[in-house]
Amino acid sequence: MKAWLTLVVTAAFFAAPLLTEPFTGYTDGQLPIAQPNPPVQPEGYAFALWGVIYTWLGISAVFGVLKRRDDARWDAARLPLIISIAVGAAWLWVALASPIWATILIWVMLATALMALLNAPTKDIGWFAAPVGLYAGWLTAAANVSLGVAGAGYGLWFGAYGWAYLCITMALIIAIFVIRKAQFSVTYAAAVVWALVGIVVANGLNITGYLALVGIGLTATLAWRRYTSRS
């Protein structure tokens with residue numbers, strides 16, 4: 001049942017961008033304080049990673065139905081993944097209506113995606129842990145981007161750069177924890193690094209860019225050491 005439900009919600013997740021207006025970030029009209037170029041947000045090209053994520057998750061779901069329908073090790077990670085992807089299927093509609101609710105929901109997506117990754121089976125890595133890791137890694141960045149843009153857009157405590165510093169730091173803390181705990185974290189780390197590179201490209205060599213560069217070095221080094229220690 002969980003295998004089929006994973007396939008259904010993944011299909012809905014895949015279809016969502018085709019059925020909604022294009023989402024390129026929260027618009028000025030959605031926020032009390034306009035955020036035309038939020039420093040916490042990667043350059044636009046970085047969001048193309050979603051195409052890989054959608055495709056790989058779809059392949060994983062099909063494989064799960066065909067080959068691992070009753071596998072207890074897959075089932076241990078399926079329920080949080082189902083919740084994450086089901087929320088993700090509705091997320092675009094919410095984001096077009098409410099940055100606050102979209103931020104709340106993307107953190108739910110992240111939390112449950114991380115639960116799925118931390119419980120992922122150690123076999124069939126390319127079929128489950130790798131795509132889920134890529135998804136969870138990008139969500140680590142995306143959840144913090146949403147928080148940073150919404151926080152600055154509503155004038156809470158910090159300006160745009162203060163929120164950028166805070167949210168990049170939070171993303172790195174989450175990434176360090178996940179890389180140390182997950183059995184397989186290569187694709188997770190790759191997605192985090194990809195997002196951080198996008199932030200460097202968007203900002204250039206200012207404080208935000210330098211902070212992202214530090215994050216790239218730290219994430220890549222930790223992931224490499226973790227990978228080689230298990231090889």
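How many nonpolar, polar and charged residues are in the lining of the second largest cavity?

**Ground rules.** I am reading a predicted model, where local features need pLDDT of at least 70, side-chain atom pairs count only at pLDDT 80 or more, and totals for chains, interfaces and linings use all residues. Residues are numbered from 1 along each chain as its sequence is written, and side-chain values use heavy atoms, without hydrogens and water.

**Entry 1, second largest cavity.** I counted eight nonpolar, four polar and one charged residues in its lining. Nonpolar here is Ala, Val, Leu, Ile, Met, Phe, Trp, Tyr, Cys and Pro; charged is Asp, Glu, Lys and Arg; the others, Gly among them, are polar. The volume of this second largest cavity is about 70 Å³. I noted that 13 residues line it, with Thr 6, Ser 60, Ala 61, Trp 74 and Leu 81 the closest to its centre. Helices H1 (2-19), H2 (49-67) and H3 (72-95) are the elements that each give two or more residues to this lining. H2 gives the most, with five residues. Helices (H or I, at least four residues) are DSSP runs, numbered from the N terminus.

I found two cavities of 30 Å³ or more. A cavity is a set of points, on a 1 Å grid over the protein atoms alone, where a 1.4 Å probe fits but cannot get out; lining residues have an atom within 4 Å of a point. Volume is the space filled by probe spheres set on the points, with grid points joined across faces, edges and corners. The largest cavity has about 90 Å³. Its lining holds 13 residues, and Ala 141, Ile 168, Ala 171, Leu 196 and Ile 199 are the closest to the centre. H5 (129-153), H6 (160-181) and H7 (186-203) each supply two or more lining residues. H5 gives the most, with five. I looked for charge in this lining and found none: ten residues are nonpolar and three polar.

I looked next at how H3 packs on H4 (residues 99-118): the angle is about 160° and the axes are 8 Å apart. H3 is therefore roughly antiparallel to H4. Axes are lines fitted to C-alpha atoms, for helices over the stretch in contact, and angles run from 0 to 180 degrees between N-to-C directions. Angles under 35 degrees count as roughly parallel, over 145 as roughly antiparallel, 65 to 115 as roughly perpendicular, and the rest as oblique. The H3 and H4 crossing is left-handed, meaning that the near helix is turned anticlockwise from the far one by less than a right angle. Contact means heavy atoms within 4.5 Å. On the H3 side I listed residues including Leu 81, Ser 84 and Trp 91; they meet an H4 set that includes Trp 101, Leu 105 and Met 109. This contact divides into 17 nonpolar, three polar and no charged residues.

The axes of H3 and H5 come within 13 Å and cross at roughly 50°. That angle is why H3 counts as oblique to H5. The crossing is left-handed. Leu 81, Ser 84 and Ile 85 of H3 touch Val 132, Tyr 135 and Leu 139 of H5. I scored five of these residues as nonpolar, one as polar and none as charged.

H7 and H8 (residues 207-230) pack at about 165°, with axes 9 Å apart. So H7 is roughly antiparallel to H8. This crossing is left-handed. Among the H7 residues in contact are Val 193, Leu 196 and Ile 199; the H8 partners include Gly 209, Leu 213 and Tyr 227.

Methods: 1 Å grid on protein atoms, 1.4 Å probe; cavity = no way out; pocket = protein on both sides within 12 Å on 5 of 7 lines; lining within 4 Å.
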